[in-house]
Amino acid sequence: MHSEFGADDPDIAMMLRLQRKLEELERRLNKREAEISQLKRRLNEREEQLQMLQREVETLENQCLTLVEESKRQIKQLQLLLSLTAGINSSLELRSVLSNILSAAEEITGAEASSILLVSDTGELVFEVVTGESGGVLKRVSLRLGEGIAGYVAETGKPIIVDDVTKDKRHKRGVDEVTGFKTRNLLAVPLRLNDKVIGVIEVVNKRGEESFDEADLKDLMLLAELSAIAIDKARKHEALQELFISSIRALAAALDARDPYTHGHSERVTQFTLAIAEELGMDEESKKRLELSALLHDIGKVGVEDAVLKKPGKLTEEEYELMKTHPEKGYHILRLVRQLEPHLPGVRYHHEHFDGSGYPLGLKGDEIPLDARIIAVADVFDALTSNRPYRDAYKPEDAIKMMHSEVGKHFDPKVFDAFMRAYEKGKIKPHGS
Ligand SMILES: [Fe+2]
């Protein structure tokens with residue numbers, strides 16, 4: 001008989017098979033699950049790697065942006081520097097070169113004030129130019145090498161940023177006391193020329209609350225490099241100018257020395273001329289031009305023979321005509337020197353009269369260059385207040401009275417007024433006074 005639950009029961013056999021299958025499936029499932037979780041782990045790892053890569057890309061992107069920004073800033077600073085350097089080099093006059101450098105230094109670093117100190121022949125550091133209200137005062141302050149922060153920079157040749165000067169023992173409080181300027185922070189760089197420190201540029205108080213940074217330092221160093229060359233050029237130019245002026249002075253003195261009665265005439269006429277120019281409010285360039293023109297005004301007398309020039313008595317008409325050729329002679333001598341061209345009008349026309357009655361051309365009023373109209377007044381005043389072989393010098397008051405009657409005839413009224421103002425201020429010191 002068949003057992004109900006015998007192994008040979010087809011149902012049981014089926015169940016057993018099913019169970020085995022189930023177990024098999026379970027095993028497979030477990031295996032798959034294990035594979036899936038392994039895949040998940042890998043996926044997580046990949047995700048992490050991906051995130052890391054993304055972060056790296058972001059960092060790189062940021063670095064690129066910073067670099068681009070930095071390059072843009074550098075290009076802008078370079079452009080600024082170039083235009084500022086062009087400004088610095090636009091003049092050969094040391095004063096204006098120095099003050100151009102300071103404006104550039106303030107602009108490029110965003111400083112409130114600045115100064116240049118130059119190493120003097122005696123090895124001291126002298127404030128040459130200072131911007132801001134304290135300018136006039138600081139010029140008198142000088143430092144020894146090694147003294148103060150600027151002295152430190154000059155001695156070591158190293159640039160320096162000081163975030164808080166109150167905490168820096170090197171800071172010389174005396175300078176602030178003299179100027180009333182309150183220094184908070186500063187940046188100082190050396191001015192180097194051929195490996196020699198010739199001075200220091202100092203910028204003071206960064207605009208806003210922050211202090212100067214490395215970028216400011218780099219920019220100012222670059223500016224200092226270009227500035228040192230400009231300063232050197234201006235100094236050489238000034239030395240040449242001085243040589244030029246002293247040569248002309250010597251020439252004028254030699255001319256005056258031919259005649260004992262005109263001794264020192266050119267120098268005095270030059271002083272009077274400059275005093276009048278000052279009263280007329282003429283600029284520095286015009287005054288420089290006038291100085292040489294006045295020194296040279298009678299240079300044409302080298303072409304007038306001694307017998308006429310040194311004649312002890314009054315000149316005959318013929319001799320006077322010869323004497324009258326000196327402005328034209330002077331003009332022809334000087335026009336051969338290109339650099340003297342600006343001085344030709346003063347020399348050629350100093351004997352023209354305002355009403356047109358003078359020589360050599362008989363020019364009238366404004367046709368006569370202003371330089372010549374000024375020299376004319378100075379020249380006559382010195383001639384009247386100097387001894388002549390045939391008369392004594394007039395007293396200044398008498399000379400002025402005589403000249404007064406010539407205003408509008410011989411003299412330009414505007415120039416004569418300026419002369420009188422200068423005289424009354426004691427700026428015109430006649431011969432022998
Ligand atoms: Fe003259």
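Visitor: In what sense do strand E1 and strand E6 pair, and over how many bridges?
Guide: Antiparallel, over seven bridges; E1 is residues 111–119 and E6 is residues 196–206. Strands here are DSSP E runs of at least two residues, helices H or I runs of at least four, numbered from the N terminus. Pairing needs at least two DSSP bridges. This is a predicted model: local features need pLDDT of at least 70, side-chain atom pairs count only at pLDDT 80 or more, and totals for chains, interfaces and linings use all residues. Residues are numbered from 1 along each chain as its sequence is written.

Visitor: What stands opposite Leu118 in E6?
Guide: Gly199.

Visitor: What is the strand order in the sheet?
Guide: E3-E2-E1-E6-E5-E4, an open sheet of six strands with antiparallel pairing. E3 (142–143) and E4 (160–162) are the edges; each has a single partner strand, so one side of each lacks a neighbour in the sheet.

Visitor: Switching to helices. At what angle do H7 and H13 pack?
Guide: About 130 degrees, with axes 8 Å apart; H7 is residues 265–279 and H13 is residues 370–384. Axes are lines fitted to C-alpha atoms, for helices over the stretch in contact, and angles run from 0 to 180 degrees between N-to-C directions.

Visitor: Which residues meet there?
Guide: Among them, Phe272 and Ile276 in H7, and Ile374 and Phe381 in H13. Contact means C-beta atoms, placed from the backbone, within 7 Å.

Visitor: How far apart are the C-alpha centres of domain 1 and domain 3?
Guide: 113 Å. The bounds, 1–70 and 258–424, come from an automatic or database domain assignment.

How values were computed
Two residues are in contact if their C-beta atoms, placed from the backbone, lie within 7 Å.
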